[in-house]
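The sequence and the structure come first.

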Amino acid sequence: MSRSAEFSEEFSIQSLGAAGGLVTGSLHRLRHGESTIIVDAGLFQGKNDVLLPNGKSRNATDINALREVNTILLTHAHADHVGRLPLFHKRGLKPKTITTTMTKELMQVILDDAAKIQKNGDKLYNREDVERIMNYVKEINFGKDVKIGNKHDNLRTNFIYNGHIPGSASILIRKEGVVGGILFSGDIGQEINAICGGWGEVVEARPSEMPIKALWVESTSFDRHSVSFDEKYGLFMENINEILGRGGSVILPILSLQRNQEITEMIARAQNQGDIPKGCKIYKDAPLAQKFEEIYIDKAELFMTKRFGNNEDFYQTLEQAQSRFNLRNCLLVADNKESVKLADILGKSNKKSIVLTGGGMCGFGRVRNYIDGAFGKNRKNGIILTCYQVEGTEGEKIVNQGRLINAQNQKKGATVTQLDVFSGHISGESDTFKFLERFNLSELELIGIVHGSNDNRRRMAEAIKSRGYPAKVVLPEINEVIKFSL
Ligand SMILES: [Zn+2]
């Protein structure tokens, strides 16, 4: 009897990142027979996640331990899910890598950027490494079933759209001839998603009838509640107009992938509906965001929905969907020199303008030109933050202050407001179970809760228990091996 036949139904999952209370560094190793499948190969990000107790970076930890990998499957293009992929190839490993077409498009930009921003001291890879690995990335269509791992193990995978960002997927893995599969949720988006369509509204999102026996699920925003599109839009307009109304300009530090497009689309709607003053100038000072926007436009047919917010009929044609980011009175800021100049102009005279800029957590990027320059000293101006500010970041500090404070003379400057209503992740118990229960959970035996704080993981574990699932629930620590059978 061969080894693979002997262990034919034994599986194990080891989470090497996004476990033990961390939310970044997603990398889960599934083993069965002669097959080792890796789901996501993400970077650890943020000081708390990156540093080991000995002060070394988790990202620099040798990936040689993973050398027997057959296949890598990628749920979506965010750096904390794909950013360690080049390391495999740098070590001479060439595992077949599978993801959706849109994820492949977006991850090229993400990885190029990651290669660029790594500092010399802990440079993990360069742009040539990225170039090389892109040749090994194979595309898969949603709903299509393909073979993975060692051919004797008869494993197959299937990507199911999950509404997080364009191209994002939950990944189902099963074994031919065995009833029951393993589901990795990936980062789950909202049921309704203004940009790419939520999991509740896109045809490809329909999961198969295959019963899920083991589930690895994210828990990032389990303690939050979801906010309706109209509520989000209303709050956003109210805050922008308050600043423009007092004669100031607004800075919107955005995340380049998805949040930028979401905000841009909202501003386009505000212009169309007359919800912001007619002559208000818009500046785009975010080069990376611009690259993603071009892909969103070029590849609109891959993820286009006919919906804006809760309005199903907003876009009737592909051309309308492609022009959804077109803004009137809009200027692109060419380079950093121009950016510094603009921050100075908007600081010294009141121009009632809106600037979208890179650097969502305010620590680095073009946003610093506005915080440190004349813009920040003008009390009429304001910064509106639309993304979660991680503990210990510059963004968190200035939100707590409520205003920028000049280091030299302690004078107070531009206001700082955080709108904590934009989230790329599914929020709260009822939405999470609404998503999960679209899958066949009637034979669920094991649930691993990952990608969340320990508080959120415990909260989700309690919810699973109170809902009466008989499944065993585990909160994996990093590197912990969890065995099960199908
Ligand atoms: Zn993500």
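This is a predicted model: local features need pLDDT of at least 70, side-chain atom pairs count only at pLDDT 80 or more; totals for chains, interfaces and linings use all residues.

Strand 8 (residues 155-161) pairs with strand 9 in the antiparallel sense over seven bridges. Within strand 9, Arg174 stands opposite Arg156. Strand 9 also pairs with strand 10 (residues 181-184), again in the antiparallel sense, over four bridges. Here Leu172 has Leu183 of strand 10 as its bridge partner. The hairpin of strand 9 and strand 10 has five residues between the strands, and Gly177 in it takes a positive phi near 85°.

An open sheet of seven strands runs in the order 6-5-4-3-2-1-21, and its pairing is mixed. The edges are strand 6 (137-139) and strand 21 (481-485); each has a single partner strand, so one side of each is left without a neighbour in the sheet. From one strand to the next, the twist averages 25°.

Inside this order, strand 4 (residues 71-73) and strand 5 (residues 96-99) pair in the parallel sense over three bridges. Ile72 has Thr97 in strand 5 as its bridge partner. Strands of a sheet pair through backbone hydrogen bonds, either parallel or antiparallel.

Ala18 has a phi near 50°, a positive value in a residue other than glycine. This alanine lies in the loop between strand 1 (10-17) and strand 2 (27-32). Is Ala18 buried or exposed? Ala18 is buried, because 28 other C-beta atoms lie within 10 Å and the cut-off for a buried residue is 20 or more.

Asn329 likewise is not a glycine, and its phi is positive at about 50°. Asn329 is found in the loop between helix 11 (318-322) and strand 14 (330-332).

The domain assignment of the chain gives domain 1 (3-224 + 424-485) and domain 2 (229-418). Their C-alpha centres lie 31 Å apart. The contact takes 21 residues from domain 1 and 21 residues from domain 2.

On the side of domain 1 that touches domain 2, helix 5 (residues 101-117) gives the largest share, six residues. By class, that side of domain 1 has 11 nonpolar, six polar and four charged residues.

## The nonpolar core

Which residues have the most contacts inside the largest nonpolar core? They are Val250 and Leu252, in a core of 121 residues. Helix 5 provides the largest share of this core, six residues. Both domain 1 and domain 2 give residues to the core, so it lies between them.

Where do the contacts of Leu252 lead, leaving aside its neighbours within four places in sequence? Leu252 is in contact with Ile263, Ile354, Val355, Leu356, Thr357, Ile384 and Thr386.

Key:
Residues are numbered from 1 along each chain as its sequence is written. Domain bounds come from an automatic or database domain assignment. Two residues are in contact if their C-beta atoms, placed from the backbone, lie within 7 Å. Helices (H or I, at least four residues) and strands (E, at least two) are DSSP runs, numbered from the N terminus. Ala, Val, Leu, Ile, Met, Phe, Trp, Tyr, Cys and Pro count as nonpolar, Asp, Glu, Lys and Arg as charged, and the others, Gly among them, as polar. Two strands pair if DSSP finds at least two bridges between them. Axes are lines fitted to C-alpha atoms, for helices over the stretch in contact, and angles run from 0 to 180 degrees between N-to-C directions. A residue is buried if 20 or more other C-beta atoms lie within 10 Å of its own, exposed if 12 or fewer, and partly exposed in between; C-beta atoms are placed from the backbone. A nonpolar core is a set of buried Ala, Val, Leu, Ile, Met, Phe, Trp, Tyr and Cys residues joined through C-beta atoms within 7 Å.
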